[in-house]
Amino acid sequence: MLTSRRSFLATATAGAAGAVTVLATGPGPAASAAPVGRGSDGAPGRVRPGFERLAADGYELLAGQKVGALTNMSGVTRDMRGIVDVMHADPRVQLTAIFTGEHGYRGNPQAGKSEGDAVDKPTGLPIYDTYLKSGAALADVLDKAGIDTVVYDFQDCGARFYTCNWTLYDAMVAAAMTRRRFVVLDRPNPVTGRRALGPVLHRDQASFVGREPIAQAHGMTTGELALLYNGEFLPQSAGRRVDLEVVKLDGWRRADFYDVTGLPWVPPSPNMATPDTALVYSGTCLFEGTNMSEGRGTTHPFEMLGAPGLDGSWAAAVSELVLPGVYFREAYYTPTFDKHHGREVGGLQIHVHDRTAYDPVRTGIALLVTAKQTYKDFAWLPDHYIDHLAGTDQVRHLIDNGASIDDVVSSWQDDLAAFTTVRANYLQYT
């Protein structure tokens, strides 16, 4: 269980309009941050991500530093230019390297794959593949690149098992080990930051889909996660905190979904096609731990679920539960790749009709429970990957033993309450 530590200090450097807001970590309790606005008229659609604020301040935060950008295709400006291309063309930034993780820099590789080291043709910069590298191996990559500061800019989707969260963590550990600076350019949580949901990872289930004990749906921005990592976990994993600065969002509120930000959506991975995908992902990604299709190989990954031979009984069973904010349609599809590719799959499609009432994690559990009841060939993958995704083996054991949805959800509430208390120390937006 995560224990609370008074290990956070937030300081804001205020200035003229457009100045960068920088958060630094150190000893002490959370400072009270002034509420962010939505522009002078309070209207939505005026969110400025961290990169915009960095650029508006003339990249002062990076002055005199050799910079390595840890990013991918989602690191774009609102007019759809890659931040690497923008910084490389600006003489005020000494950009010397690109780092990237799963799916590579341009986003072509599918899940579990990366591009390897390469050279970025438009800029001529070396690309260093960090996927599945951590600790000393990743520290060696930073040494090889010869940079002073890592600048991180990825679009997260709000789920613990999304690997960009742990690319961030591993890179922070490596930067702490090698005493390099680390700058996070914050982006919105596309499914809001209202609350944390789901089981908290138990360390015996740690993997690249969850290194440390955070909730399955963490309800934090990338910058807030970085502050949490630095305050709670790096002192143990790296022996010290990293020299961390977070360039905050301007105009984002915790209840904001992505479509009110006014920012373009670039899929941060090949199967995170839209913010609607992100809305369901923190629950339905659990099906990656089963023999059923999670919709990869369709135009609606994580919204389409099923298996060969399954009929409409599953959609009917879960519909009878009348879960808040969501409908289920009987559906059939043929995946073009991944599980059951080339075979007809029967199952359902998820339709979220009230996203404020919708609970993705509880819905994911309900889908697992009813799938096991209605699909005679239902099985967990033999390696029990479900335990890494859920962060605990309790979910699997409870479902196997016939527990109700309420019983499964109740099993993680104490851990979730403890995480929520710690999480509150690192929240930067109202």
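An angle of 65 to 115 degrees between two axes counts as roughly perpendicular. In this predicted model, the axes of helix α3 (residues 135–145) and helix α4 (residues 164–177) come within 8 Å and cross at roughly 70 degrees, and α3 and α4 are therefore roughly perpendicular to each other. On the α3 side the contact is made by Gly135, Ala136, Leu138, Ala139 and Leu142, and on the α4 side by Asp170, Ala171, Ala174, Ala175 and Met177; by class, these are eight nonpolar residues, one polar and one charged.

Because tryptophan 166 and tyrosine 169 are three residues apart in α4, about one helical turn separates them, and both tryptophan 166 and tyrosine 169 are buried.

Across the whole structure, a search finds 15 aromatic pairs. One of them joins phenylalanine 161 and tyrosine 281, again edge-to-face, at 5.4 Å centre to centre and with 80 degrees between the planes. Phenylalanine 161 lies in the loop between β6 (149–153) and α4, whereas tyrosine 281 belongs to helix α6 (residues 275–284), so the pair ties together parts that are 120 residues apart in sequence. Phenylalanine 161 and tyrosine 281 are both buried, and together with Tyr162 and Phe302 they form one aromatic cluster.

A ring also takes part in another kind of arrangement, in which lysine 248 lies over the face of tyrosine 429, at 5.3 Å from the ring centre.

How values were computed:
Residues numbered from 1 in each chain as written. Predicted model: local features only at pLDDT ≥ 70, side-chain atom pairs only at ≥ 80, totals over all residues. Heavy atoms only, no water. Axes fitted to C-alpha atoms, helices over the stretch in contact; angles between N-to-C directions. Helix = DSSP H or I, 4+ residues; strand = E, 2+ residues; numbered from the N terminus. Parallel < 35°, antiparallel > 145°, perpendicular 65-115°, else oblique. Contact = heavy atoms within 4.5 Å. Nonpolar A, V, L, I, M, F, W, Y, C, P; charged D, E, K, R; others polar. Phe/Tyr/Trp six-rings, centres within 6.5 Å; stacked < 30°, edge-to-face > 60°. Buried < 20%, exposed > 50% of the residue type's maximum accessible area, 1.4 Å probe, protein only. Lys NZ or Arg CZ within 6 Å of the ring centre and 35° of its normal.
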